[in-house]
Amino acid sequence: MKYTIAVIPGDGIGPEVTNQAKKALDAVAEVYDHIFLYKEAQMGACAIDAVGTPLPDETIAICKKADAILFGAIGDPKYDNDPSAKVRPEQGLLKIRKELGLFCNIRPVKAFDALIKNSPLKREIIKGTDIVIFRELTGGIYFGKKETSKDGQSAFDGCSYTVEEISRITHLAFKAAQSRKKKVTLVDKANVLETSRLWRKTVTEIAKEYKDITLEYLFVDNAAMQLILNPKQFDVILTDNLFGDIISDEASVIGGSIGLLASSSIGKTSALFEPIHGSFPQAKGKDIANPLASILSAAMMLEHLGLDEEADAIERAVEKSLTLGITTEDIKGKNKYSASTSKVGDFISDYILNQHDSNLNFKNIHMGQSTII
Ligand code: IPM
Ligand code: MG
């Protein structure tokens, strides 16, 4: 089959990690006889530098025509440290979410066995954790009315939700739970916020249509604590835009590295796939950033396109790289055995291409001691 993929490398380490995801996709294309046609587009600080806006119309047009979108990262320190900047890279990401109606952000969090020792959390607490966070992505405080008073002495961010906005993601979360451990935890702040009370009411009502699913409720402050105390209690977490942003970064600690967390953002007609880590400007151009989250985002994209076997091939290659220790320094530490970004990408691609060839001693080849036996 032939698929058109819009590729938005973005800022910082975005281009480097996205290149590795493309390598993995090219390997999949070769083995499974597909064609992935990449259409590159700009977004973020690089787009501001090039054309003065973080999301050029051309990028939206390319994305709308594509079967799926692969995105790298966004952000640049020169904007982070300038609160008065009117044009900011992140506006590009928020706008594309809104323009393409990407209302449902899905962030899986798994404790990979090979990485448990990397987590600052205790082995017995995190082993076996398998959570998926459903974060609402086009509503709430991110998109409410924003204002700073003329005298600069006060500022305002409004938060609003409609029943429709809550319902559409809730159905997706419950459906996902049906093929998992059949539990949904709604994370909100219903003891304080009106919008959270609307979430509770709406989700409780919808839950009646899913009799096989257990629905639990947690206030976000407690949820933040429970995620670290006992992450295995969670299956599907359903939450709003801001809470989802915060707890998904927190949950990444369970996986041993934020460099492993992939995500998908789904709308009615478009779908975008991106690592949840940011642009990591300190690592830009150094070939040291972890490409696995981007590669796993490509796997999520394949799954979305109905290519389950192909997605599995990527996931198996990622697991293999972790068990063999062919990983970047965020996982390995800054020792001589850590691999570069592109080396990890080469390994993943090679493993996909040769997955049935048990005679290949991948570890030695990729450690630079080729021993084909
Ligand atoms: C994320 C990021 C974005 C967000 C930023 C870059 C606008 O943190 O995707 O989690 O807050 O949604
Ligand atoms: Mg975030």
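These are my notebook entries on a predicted model of one protein chain.

**Ground rules**

I number residues from 1 along each chain as its sequence is written, and chains are lettered from A and ligands numbered from 1 in the order in which they are written. Since I am working with a predicted model, local features need pLDDT of at least 70 and side-chain atom pairs count only at pLDDT 80 or more, while totals for chains, interfaces and linings use all residues; side-chain values use heavy atoms, with hydrogens and water left out.

**Entry 1: the whole chain**

I started with the secondary structure and found 15 helices and 12 strands in the protein chain. Helices (H or I, at least four residues) and strands (E, at least two) are DSSP runs, numbered from the N terminus. Along the principal axes, the C-alpha atoms fill a box of roughly 65 × 50 × 40 Å.

I then checked burial, where buried means under 20% relative accessible area, exposed over 50%, and partly exposed in between (1.4 Å probe, protein chains only). Buried residues account for 53% of the 373. The chain exposes about 16,800 Å², and carbon and sulfur atoms supply 53% of that area. These areas come from the Shrake-Rupley method with a 1.4 Å probe, and for residues only the protein chains shown count as cover.

For contacts I took heavy atoms within 4.5 Å. Of the contacts between residues at least 6 apart in sequence, 73% join residues at least 24 apart.

**Entry 2: strand β11**

How many of the 5 residues of strand β11 are buried? I count 5 of the 5 in residues 262-266, so the strand is largely enclosed by the rest of the structure. In a regular strand the side chains alternate between the two faces of the sheet. Here A262, S264 and I266 lie on one side and S263 and S265 on the other, and all are buried.

I followed the neighbours next; two strands pair if DSSP finds at least two bridges between them. Strand β4 (residues 104-110) pairs with β11 in the antiparallel sense over 3 bridges, and N105 stands opposite S265. Strand β12 (residues 271-275) is also antiparallel to β11, over 5 bridges, with S264 opposite F273. β11 and β12 form a hairpin, with 4 residues between them.

I258 is in the loop between α10 (241-251) and β11. At 32% relative accessibility, I258 counts as partly exposed. Leaving out residues up to four places away in sequence, I258 touches D249, S252, I276, H277 and A293. I also noted D330, which is 72 residues from I258 in sequence but 9.1 Å away in space, C-alpha to C-alpha.

**Entry 3: rings and charges**

My search of the whole structure gave 4 aromatic pairs. Rings of Phe, Tyr and Trp (its six-membered ring) pair if their centres lie within 6.5 Å; planes under 30 degrees apart count as stacked, over 60 as edge-to-face and the rest as tilted. F347 and Y351 have ring centres 5.9 Å apart and planes at 25 degrees, so the pair is stacked. The two are 4 residues apart in helix α14 (residues 341-353), about one helical turn. F347 is buried at 0% relative accessible area, and Y351 is buried at 13%.

I also looked for charges over rings (NZ of Lys or CZ of Arg within 6 Å of the ring centre and within 35 degrees of the ring normal). K22 lies over the face of Y38, 5.2 Å from the ring centre. K98 lies over the face of F143, at 4.8 Å.

S167 sits in helix α7 (residues 163-178) and is buried, with a relative accessible area of 15%. Beyond residues up to four places away in sequence, S167 touches T202 and I206.

Most residues other than glycine have a negative phi. Where is K182, then? I placed K182 in the loop between α7 and β8 (183-188), and its phi is near 65 degrees, a positive value. K182 is partly exposed at 32% relative accessibility. D287 also has a positive phi, near 60 degrees. D287 lies in the loop between β12 and α11 (292-304) and is partly exposed at 27%.
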